[in-house]
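The exercises below are to be worked with the sequence and the coordinates at hand. Each one sets a task and then gives a solution in steps.

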Amino acid sequence: LIYRGKPLVSTFAGEGCTYGGSFATAWTEFKKGLGGNIHFVPSLFTNPAILNTLPFLDGIFNWNGGWPTQLNEQSSASQIEQAINSLNTDALLLSGMSDKTYIAAVSPWFFTHYGPDTWNKNWIYRGDDWLFAKRWEELIGMRDRVGIVEVISWNDYGESHYIGPIAGAQPNSQTWVDGFDHQGWLEMTSYYAQAFKTGSFPVIAEDKVFVWARPHPKDASAPDHVPRPQFADLTDDFFWVVIFVKSPATAILHAPPPNSDSNSVDHNAAMIVDIPAGVHKLRYPLLPGRTMAVRLERSGNVDLDYRADGFVFNPSPNVYNFNAWVGWKTADWKADIQLAAARSIDGFALNVGRDTWQPARVADAYAAAKSLGTSFKMFLSLDMSSLPCASQSDIQALQAWVSNYTSHSNQMMYNGKPLVSTFAGESCSYGGSYQSAWSSFKSGLNVHFAPALFIDIANFKSLSWLDGAFSWNGGWPIQLNDQSSTTDIQQAVGKLNQTDNSWLSALGTKSYIAPVSPWFFTHYGPDTYNKNWIYRGDDWLYAQRWEQLFNLRSRFDIVEIITFNDYGESHYIGPIEGAQPNSQAWVNGFDHQGWLELSSYYIQAFKTGKYPTITQDKVFLWARPHPRDATAPDSVPKPSYTKVVSENGTLLDFV
């Protein structure tokens with residue numbers, strides 16, 4: 001980094017240097033040895049009044065300026081409450097430096113927990129009161145006097161103030177770091193960094209919610225060999241929320257039980273606030289055994305619903321952990337589109353049913369794809385297990401769904417026409433049969449219609465309204481059951497391409513959409529959806545299936561991954577986010593984005609006809625969390641077909 005025409009150099013501390021009799025002499029010699037050709041802005045913990053007298057100094061970095069380090073256990077309630085508003089060491093240092101460079105610090109958190117047997121560092125600084133956001137706003141207000149803002153830090157896990165991903169070796173901080181991702185703060189940084197650079201806060205074009213909290217009460221006791229950290233009493237048992245809203249909304253903060261119905265809110269206990277467009281800071285009490293949740297509503301519709309899946313405020317911790325659990329969510333589709341596109345996925349099939357909130361979310365999806373200015377596409381997959389099709393008005397409603405987007409710039413086209421698919425549809429009865437119903441549907445539209453119908457494939461060629469078909473069940477060895485032989489089980493995945501060949505033959509010149517899926521497990525009892533079974537996902541199913549499709553790539557053009565976010569059936573490859581269909585019991589904590597990363601390699605091969613060169617080592621590993629024959633005190637019985645799975649973990653290496 002070059003600053004004012006010279007390489008920038010800084011330090012952490014240095015006032016203890018003794019060469020030449022003093023730190024001033026030592027650093028003068030240091031700079032002299034470099035020909036004076038650096039811009040030297042150290043972090044020295046010394047009297048600000050002497051800064052202008054130090055000849056080697058081109059500026060100062062105020063390391064401790066990002067936290068209210070003045071607080072201690074004798075601080076009054078008033079001092080604690082005002083601490084974030086009085087990070088006034090900036091003014092103190094600036095007054096002693098005239099025209100020298102000032103590097104200001106901003107940091108979201110501080111907790112370190114090393115005992116006397118290691119580094120003997122065990123304290124917190126108060127990070128409550130929306131510290132990160134407020135500190136940024138303070139620096140933006142004085143940006144004309146600050147040369148550089150340094151975020152503390154990208155990856156200092158030992159002191160818990162990292163905003164980057166948890167990656168690489170840690171300084172024995174795993175106990176309080178693992179599972180505590182902070183990248184929500186990284187996302188928040190972008191907004192404030194832009195404001196600091198330009199002098200103007202960016203226009204908020206999408207709703208975002210940021211939530212963070214400690215994982216246990218400040219007064220909890222733990223059987224930890226390292227004592228409770230110093231200054232722990234300075235904190236408050238709240239979860240802290242920063243909301244970016246693009247237009248007026250109603251914010252609802254509440255603390256539901258983990259794994260509870262994501263659609264339910266106890267409005268009597270919730271905090272409900274009407275907020276205008278802009279940035280808002282809210283807080284809500286942490287409750288033992290509960291999680292954190294924030295919802296944004298407009299005109300009674302839920303536009304954003306965030307639950308901190310994986311977080312529970314634990315009143316009986318095993319160790320003292322004052323690190324922050326950080327989560328965030330955007331109501332906009334942009335993040336998912338960008339994530340998928342970065343892994344070579346070209347579009348989303350939007351499964352749509354009868355729920356009243358779905359039209360608005362589909363509109364959001366198309367709008368987000370357009371606003372990004374990319375070639376990412378969308379197409380509708382009509383969920384006929386939900387949508388009715390028994391009357392003329394039902395058919396017209398289906399046609400209206402499709403017509404809304406046929407001319408959209410981000411509508412997926414195939415053979416020059418908008419692509420439309422379904423899940424099921426063989427039970428449609430308008431006109432007396434599914435054939436009549438879909439013929440009527442197609443007659444009013446100029447689309448390429450490739451549904452997933454569960455019918456005899458021998459009928460495909462005779463259906464004039466059918467342009468192609470999607471083999472939904474072709475991604476798993478669904479023929480297996482608890483009576484299958486060992487040979488049948490072992491050979492099942494290798495024979496999936498027989499289904500492809502059968503469908504391709506049955507379709508003739510019509511298009512074929514091939515499925516690929518990494519897993520299948522659903523666990524609903526008779527009191528809900530009454531779906532409780534697995535398909536065998538062993539034998540490197542996802543990789544083997546992709547390799548089969550690669551070998552058949554000359555015979556079809558589209559592969560559909562099942563799915564990006566179907567949590568209820570466990571075959572999601574995208575992040576776990578948003579509302580779930582009461583699947584939290586088997587989804588929370590089971591991230592599948594390794595399969596998303598794996599997808600990129602095979603997608604590129606399918607598109608190009610050549611496997612990409614492997615330029616870096618990668619390992620992908622997956623397994624079920626308990627033995628197949630285990631028993632559990634579960635209100636829902638053991639799922640069907642568990643006998644077809646093995647007890648092996650699955651390992652895939654790219655070397």
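**Exercise 1. Surroundings of S75**

Task: which residues does S75 touch, leaving out those up to four places away in sequence?

Solution. The model is a predicted one.
- Step 1. With that exclusion, S75 touches Q70 and I80.
- Step 2. S75 sits in the loop between β4 (59–61) and α2 (77–82).
- Step 3. The relative accessible area of S75 is 15%, and buried means under 20%, so S75 is buried.

**Exercise 2. An arginine and its partners**

Task: determine whether R126 is buried or exposed, and find the polar contact that joins its side chain to the side chain of D236.

Solution. 
- Step 1. Locate the residue: R126 belongs to the loop between β7 (122–124) and α4 (131–141).
- Step 2. Its relative accessibility is 2%, so R126 is classed as buried.
- Step 3. The side chains of R126 and D236 are joined by a polar contact of 2.9 Å.
- Step 4. A polar atom of the R126 side chain also lies 2.4 Å from the backbone oxygen of L234.
- Step 5. Leaving out residues up to four places away in sequence, the residues that R126 touches include P68, L71, I80 and I84. L131, L234, T235 and D236 are also among them.

**Exercise 3. Disulfide search**

Task: how many disulfides does a search of the whole structure find, and which cysteines form a disulfide?

Solution. 
- Step 1. The search of the whole structure returns 1 disulfide.
- Step 2. C389 and C428 form a disulfide, with 1.9 Å between their sulfur atoms; the cut-off for such a pair is within 2.5 Å.
- Step 3. C389 lies in the loop between β18 (377–383) and α9 (392–403), and C428 in the loop between β20 (417–423) and α10 (434–443), so the pair ties together parts 39 residues apart in sequence.
- Step 4. The S-S torsion of C389 and C428 is about -100°, so the disulfide is left-handed.
- Step 5. Both C389 and C428 are buried.
- Step 6. As a further accessibility check on a cysteine, C17 has 31% relative accessibility and therefore counts as partly exposed.

**Exercise 4. Contacts of a valine**

Task: how far apart are V447 and S403 in sequence and in space?

Solution. 
- Step 1. In sequence, V447 and S403 are 44 residues apart, and in space their C-alpha atoms are 9.5 Å apart.
- Step 2. V447 is in the loop between α10 and β21 (448–449).
- Step 3. V447 has a relative accessible area of 1%, so this residue is buried.
- Step 4. Not counting residues up to four places away in sequence, V447 touches V402, T406, K417, P418, V420, K442 and D467.

**Exercise 5. Backbone exceptions**

Task: find what omega is for the cis peptide bond of I152 and S153, and for that of I562 and T563. Then find what phi is for S299 and for S570.

Solution. Most residues other than glycine have a negative phi, and most peptide bonds are trans.
- Step 1. Omega is about 5° for the cis peptide bond joining I152 and S153; S153 is placed in the loop between β8 (148–151) and α5 (174–177).
- Step 2. Omega is about 0° for the cis peptide bond joining I562 and T563; T563 is in the loop between β26 (558–561) and α14 (584–587).
- Step 3. S299, not a glycine, has a positive phi of about 55°. It is in the loop between β14 (293–298) and β15 (301–307), and counts as exposed at 79% relative accessibility.
- Step 4. S570, also a residue other than glycine, has a positive phi near 70°. It is in the loop between β26 and α14, and is buried with a relative accessible area of 5%.

**Exercise 6. Whole-chain values**

Task: what fraction of the 655 residues in the protein chain is buried, and how many helices and strands are there?

Solution. 
- Step 1. Of the 655 residues, 52% are buried.
- Step 2. The protein chain has 15 helices and 28 strands.
- Step 3. The C-alpha trace spans about 95 × 55 × 55 Å along its principal axes.
- Step 4. Among contacts with a separation of 6 or more, 72% are between residues 24 or more positions apart.
- Step 5. The chain exposes about 29,200 Å², and carbon and sulfur atoms supply 50% of that area.
- Step 6. There are 47 positive and 62 negative side chains, and the centres of the two sets are 6 Å apart.

Methods: Residues are numbered from 1 along each chain as its sequence is written. This is a predicted model: local features need pLDDT of at least 70, side-chain atom pairs count only at pLDDT 80 or more; totals for chains, interfaces and linings use all residues. Side-chain values use heavy atoms; hydrogens and water are left out. Helices (H or I, at least four residues) and strands (E, at least two) are DSSP runs, numbered from the N terminus. Buried means under 20% relative accessible area, exposed over 50%, partly exposed in between (1.4 Å probe, protein chains only). Contact means heavy atoms within 4.5 Å. Accessible areas come from the Shrake-Rupley method with a 1.4 Å probe; for residues, only the protein chains shown count as cover. Lys and Arg count as positive and Asp and Glu as negative; His and the chain ends are not counted. The place of a charge is taken as NZ of Lys, CZ of Arg, CG of Asp or CD of Glu. A polar contact is a pair of N or O atoms within 3.5 Å; within protein, one must be able to donate a hydrogen and the other to accept it, and residues adjacent in sequence count only if both atoms are side-chain atoms.
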